[in-house]
Amino acid sequence: MIEDKNVHRVVSGEREIIIVGTAHVSRESADLVERVIRDEQPESVCVELCRSRYEAIRQKANWEEMDIFKIIREKRTALLLSQLIMASFQKKLAEKFGINPGEEMLRAIQTAEETGAGIVLADRDIRTTMTRTWRSMSFLKKMRFLFELILSLLSTDDISEEDIEKLKEQDVLELAMQTFGKKMPALKTILIDERDRYMAHAIDTTPGRKVLAVVGAGHVRGILNSIGTETDIEELSSIPPGKPWTRWIAWGIPVFIVGIIAAGFFKAGGEAGLNMIKWWVAVNAILAGLGAVVVLAHPLTILSSIVAAPITSMNPTIAAGWVAGLVEATVRKPQVRDFIDLREDISSIRGFWRNKITRILLLVAFVNLGSSIGTFVAIPLMMRFLNQ
C-alpha cells in the first residue's frame with residue numbers, strides 16, 4: 001500500500017474508493033498514478049475527463065468532421081470560439097514552461113488497460129460546462145469574457161512560475177479561467193463545485209469493490225465532501241434555458257424601434273420618419289460592415305453584413321453575424337487542411353486570422369458586435385427627429 005499525501009481513501013463496508021490528487025503538469029504525479037494503480041489493482045479507474053477531452057489528449061479529435069455550417073446554424077460559434085481560445089491558452093502554457101497537461105490522465109488510462117481495470121470518464125462534458133457558464137453570464141459579462149479570452153491570445157508573459165506551481169493545487173481549466181476572469185467568482189460554482197459533485201456521483205456509481213479515481217488536486221476536497229451524498233445528476237447535466245426577461249428585452253427593442261419610427265411619422269411628419277429609417281439602416285449597416293472588414297472578410301460577406309444588419313436587428317431569432325458567417329463559409333469554404341492545421345493555428349494571432357475556420361468564428365463575433373452597437377447608437381440619433 002502506497003502512502004502519500006496525495007492519495008486519499010474512503011472505505012464503506014467492503015468497498016474502497018481511492019482518490020489520487022494530481023498536478024496536471026507534473027511528471028511526478030504521472031509516476032505516482034501509475035505506481036498506485038499497479039500496487040492497488042483496482043477493478044475500475046475513473047479519470048477527470050469527458051469524452052471530448054479524452055479524444056483531445058489522445059489526439060484523436062477528428063477536426064475534419066466539424067460542420068461549420070451546422071455550428072453557425074445552431075448558434076454555437078461563440079461557444080466554439082471560446083473553447084478554441086482556451087485551448088490556445090493552455091497550449092501556449094505548455095510551450096512556454098515545457099509542461100504537458102493531461103499526462104497523468106493518459107498514464108492512468110494506459111496503466112488501467114495494462115492491468116485489466118475498467119476505465120470510466122468521470123467528468124462532465126466540457127461543452128455542457130462551457131454552455132452552463134455562458135448562460136450564467138449577462139450580456140456585458142459575456143462581452144468582457146470574450147475580450148479577456150481574445151487578450152489571452154496576445155501573450156502569456158503575465159503568467160509566472162508561481163502561477164504554474166498553482167497547477168499542483170488547482171485544475172488546469174480553473175487556472176485558465178481565473179487568469180482572464182478573476183473578477184467573476186460566480187463562475188467557480190459551475191467550473192469547479194458542480195464538477196466536484198458530478199465526479200463524486202460518477203465515482204460513487206462506478207462498479208467494483210475497489211475503485212480508483214485520478215483527479216486534479218484542487219478537486220479532491222470537493223469530491224470527498226460529496227461522496228455518499230445525493231446528487232441531481234440530470235440537473236447538473238442539463239443546459240438551463242435562457243432567462244425569460246432576456247426574451248422580453250430581445251423582442252422589446254424591435255417593438256420600441258418600430259414605435260418611435262411610427263411616432264416620427266405621425267408626430268413630426270413623413271420626412272422625419274423617413275430620416276429615422278435612413279439613420280437606422282445606415283448606422284446598423286456601417287458598423288456591421290466594419291465588423292466584417294476588420295477580419296478581412298470576402299467582399300460578398302461584407303456586402304451581406306451591410307444588407308443583413310438593419311433587418312436582422314429587428315428579429316432576435318437571427319443575427320447579422322450568422323448570415324455573414326454562412327456567406328463566408330460558402331465563398332471561402334474551409335478545406336481539409338484548415339481542419340488539420342487547427343490545432344497548431346490556434347497558438348497564435350496570425351494562425352487565428354489565417355485559418356478559415358477560426359476566421360469565420362471571429363467574423364461572426366465581430367459582425368454581431370458591430371450590429372449590436374449599431375442598434376444602441378442609432379436609437380438616440382433617430383429620436384432627435386421626434387422633436388422636429
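Contact here means heavy atoms within 4.5 Å. The model is predicted: local features need pLDDT of at least 70, side-chain atom pairs count only at pLDDT 80 or more, and totals for chains, interfaces and linings use all residues. Residues are numbered from 1 along each chain as its sequence is written, and side-chain values use heavy atoms, with hydrogens and water left out.

1. **Leu81.** This residue sits in helix α4 (residues 77–97). Helices (H or I, at least four residues) and strands (E, at least two) are DSSP runs, numbered from the N terminus. Leu81 is buried, at a relative accessible area of 2%. Buried means under 20% relative accessible area, exposed over 50%, and partly exposed in between (1.4 Å probe, protein chains only). With neighbours within four places in sequence set aside, Leu81 is in contact with Phe352, Leu361, Leu362 and Ala365. Between Leu81 and Val364 lie 283 residues of sequence separation, yet their C-alpha atoms are 9.9 Å apart.

2. **Strand β3.** Which residues of β3 (residues 44–47) are buried on each side? Ser44 and Cys46 are buried on one side, Val45 and Val47 on the other, and both faces are covered.

3. **Partners of β3.** Strands pair if DSSP finds at least two bridges between them. Four bridges join β3 to β4 (residues 118–121), and the two run parallel. In that pairing, Cys46 stands opposite Val120 of β4. Strand β5 (residues 210–216) also runs parallel to β3, joined by four bridges. Here Val47 has Val214 as its bridge partner.

4. **Thr22.** Strand β2 (residues 15–22) holds Thr22. Thr22 is buried, with a relative accessible area of 1%. Its side chain makes a polar contact with the side chain of Glu104, at 3.3 Å. A polar contact is a pair of N or O atoms within 3.5 Å; within protein, one must be able to donate a hydrogen and the other to accept it, and residues adjacent in sequence count only if both atoms are side-chain atoms.

5. **Nonpolar cores.** A nonpolar core is a set of buried Ala, Val, Leu, Ile, Met, Phe, Trp, Tyr and Cys residues joined through side-chain atoms within 4.5 Å. The largest has 22 residues; Ile68, Ala292, Ala297, Leu363 and Val367 touch the most other members. At least two residues each come from α3 (68–73), α14 (270–294), α15 (299–312), α16 (320–331) and α19 (356–383). Helix α19 gives the most, with seven residues. Another core, of 18 residues, lies apart from this one; among its members are Val20, Val45, Ile109 and Ala117.
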